[in-house]
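Biologist: Hello! Could you show me how to read pairs of aromatic rings in a protein model?

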Amino acid sequence: AAQGRPAGSVSLLAATAWSWLLGQLAASALAALPGDAPAGPGQLADAARLGVRTPRTVLTTDDAAARRRMASPRAMVKVPDFRLFEPDRRKWADYWPEIVGAGSGPDDHDAADHHGAAPGRARRPVVVQEHLAHARELRVYYLNGGICAFEVDKPAPSAVWVDPGAVTVTRADCPAAAAELVRTLCTAWSLRYGAFDLLVSAAGEPVFLEANPDGDWLWYERRAGWHGVSFMAAAMVCELFVRMTSAT
């Protein structure tokens, strides 16, 4: 797509989105070269192979076709890492994640109305993810073997940017099944630190959505009025400093 257009006509966001698509094709192959921990939808594929429950997810340029293929009446549609490639906050509304499909809004619109051009088709690859009913949404931090968790309640996926005051964050004890999920993935991916987004079903089963190996925690701490993650991060850095300086 880039080579077929004049130099410089493909934005960083579009180039990265296409890179995600190609990376997902590689991740879906039967064999792959060694590399870092998977990124994006590749995390979900790897987690599923490890026996972790994940939502059905497609990286596509046709969100309507993806939802038909998943046979999911509602779906989450999002553009990967849009904040990294669109510095003007006034344009972020073009890329906010949203729930589309039956019962999602007055018009049950297609995501392409928001993210793209023609009905059902996006200007760039988007992530279409099965929307799962859940009892809780958790943000779980893994730090050098320790775990901190927050429960997050928000009226819409974009509320963090649109109406942060409507987002409630509270400190929570991490359910044992969720902690086991996080430790399983951190061991498999050799992560010393990770910020995990999880859902918990009414039956208590955790569902893995995403892991960020350098995800921020200060916003969640401020909203919750609790600074346990900062304490554990300081302890982790101190322990690593002592270990490294002792070795030399």
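**Reading aromatic pairs**

Modeller: Gladly! Searching the whole structure gives 12 aromatic pairs. This is a predicted model, where local features need pLDDT of at least 70 and side-chain atom pairs count only at pLDDT 80 or more, while totals for chains, interfaces and linings use all residues. Residues are numbered from 1 along each chain as its sequence is written, and side-chain values use heavy atoms, with hydrogens and water left out.

Biologist: How is a pair of aromatic rings described?

Modeller: By the distance of the centres and the angle of the planes. Rings of Phe, Tyr and Trp (its six-membered ring) pair if their centres lie within 6.5 Å; planes under 30 degrees apart are stacked, over 60 edge-to-face, and the rest tilted. Here, the planes of Tyr141 and Phe150 meet at 85° with the ring centres 6.1 Å apart, so this pair is edge-to-face.

Biologist: Is Tyr141 buried or exposed?

Modeller: Buried means under 20% relative accessible area, exposed over 50%, and partly exposed in between (1.4 Å probe, protein chains only). Tyr141 has 0%, so it is buried. Phe150 is buried too, at 0%.

Biologist: Which aromatic pair is tilted?

Modeller: Phe196 and Phe208 form a tilted one, with 6.1 Å from centre to centre and 55° between the planes. Phe196 lies in strand 8 (residues 193–200) and Phe208 in strand 9 (residues 206–212), 12 residues apart. Strands (E, at least two residues) are DSSP runs, numbered from the N terminus.

Biologist: Which residues form one aromatic cluster?

Modeller: Tyr141 and Phe150 belong to one, together with Tyr193, Trp217, Trp219, Tyr220 and Trp226.

Key: Helices (H or I, at least four residues) and strands (E, at least two) are DSSP runs, numbered from the N terminus.
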